[in-house]
Amino acid sequence: MTTVMTVAELDGTSTAEVAELVLACSAGTLRNRFLMPGRPDPRDVLVRYRRYLLAGPPHGVALVAFSGRSPAGLLNLVAGEARVAELGIVVADPWQRQGIATAMASWLRTSGRWEGWTVRAVTHADNVAAKALLRGQGFRLLGGVDRGEYRYELTMPGPVWEVAR
């Protein structure tokens with residue numbers, strides 16, 4: 001049986017969906033996503049990163065992917081300095097390696113809403129999946145490893161329109 005994935009933009013108040021997603025993540029997934037040491041407690045992550053996880057207009061976007069009714073992935077884009085935003089994506093363990101992160105990142109790139117903005121992302125040097133995702137979306141690596149982390153950047157394109165042939 002194939003599970004249908006849907007994507008919805010959160011309004012900044014959807015704490016239940018975000019909490020359910022974070023609680024479905026292993027300590028390793030949370031460590032990779034939030035660049036935390038040790039075995040992060042999901043409840044601590046929810047408290048510490050609440051503002052970031054629930055980013056909504058006009059200062060960001062929180063996009064959640066659902067598998068049926070269960071939140072499976074979360075993309076956060078949070079505006080910082082002038083026309084620069086930080087990107088973060090997490091996919092809960094049961095749904096990893098199913099194209100969810102790629103689908104959410106593609107939505108962000110093709111939406112055109114952040115046209116001309118510089119989007120930055122940071123990942124652990126050993127996070128092969130995150131590095132492949134960022135490269136596949138057109139992000140470029142900025143320098144080498146710094147404190148065990150890679151930094152990436154992308155200037156967002158305008159909206160992508162399908163052209164009838």
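I take two strands as paired if DSSP finds at least two bridges between them. Helices (H or I, at least four residues) and strands (E, at least two) are DSSP runs, numbered from the N terminus.

The model is predicted, and I keep to its rules: local features need pLDDT of at least 70, side-chain atom pairs count only at pLDDT 80 or more, and totals for chains, interfaces and linings use all residues. Residues are numbered from 1 along each chain as its sequence is written, and side-chain values use heavy atoms, with hydrogens and water left out.

**Strands.** I looked up β3 (residues 70–79) and found 9 of its 10 residues buried, where buried means under 20% relative accessible area (1.4 Å probe, protein chains only). On one side I followed its pairing with β2 (residues 60–67), which is antiparallel over 8 bridges. V61 has L77 of β3 as its bridge partner. The hairpin of β2 and β3 has 2 residues between the strands, and G68 there takes a positive phi near 65°.

I then turned to β4, which runs antiparallel to β3 and is joined to β3 by 7 bridges. G73 has V91 of β4 as its bridge partner. In this hairpin 4 residues lie between the strands, and R83 has a positive phi near 55°.

**T29.** I placed T29 in helix α2 (residues 27–34). Is T29 buried or exposed? T29 is buried, at a relative accessible area of 12%. Setting aside neighbours within four places in sequence, I list its contacts (heavy atoms within 4.5 Å) as V90, V91, D93 and Q96.

**Open space.** I used a 1 Å grid over the protein atoms alone: a cavity is a set of points where a 1.4 Å probe fits but cannot get out, a pocket is an open set with protein on both sides within 12 Å along at least five of seven lines, and lining residues have an atom within 4 Å of a point. Points are joined across faces, edges and corners, and a volume is the space filled by probe spheres set on them.

The largest pocket holds about 890 Å³. Of its 30 lining residues, R33, I89, V90, N127 and A130 lie nearest the centre. Strand β4 gives the largest share of that lining, 6 residues.

I counted 1 cavity of 30 Å³ or more; the largest cavity holds about 50 Å³. Its lining includes L75, R109 and M156, and helix α5 (residues 100–111) gives the largest share, 3 residues.

Technical notes: Buried < 20%, exposed > 50% of the residue type's maximum accessible area, 1.4 Å probe, protein only.
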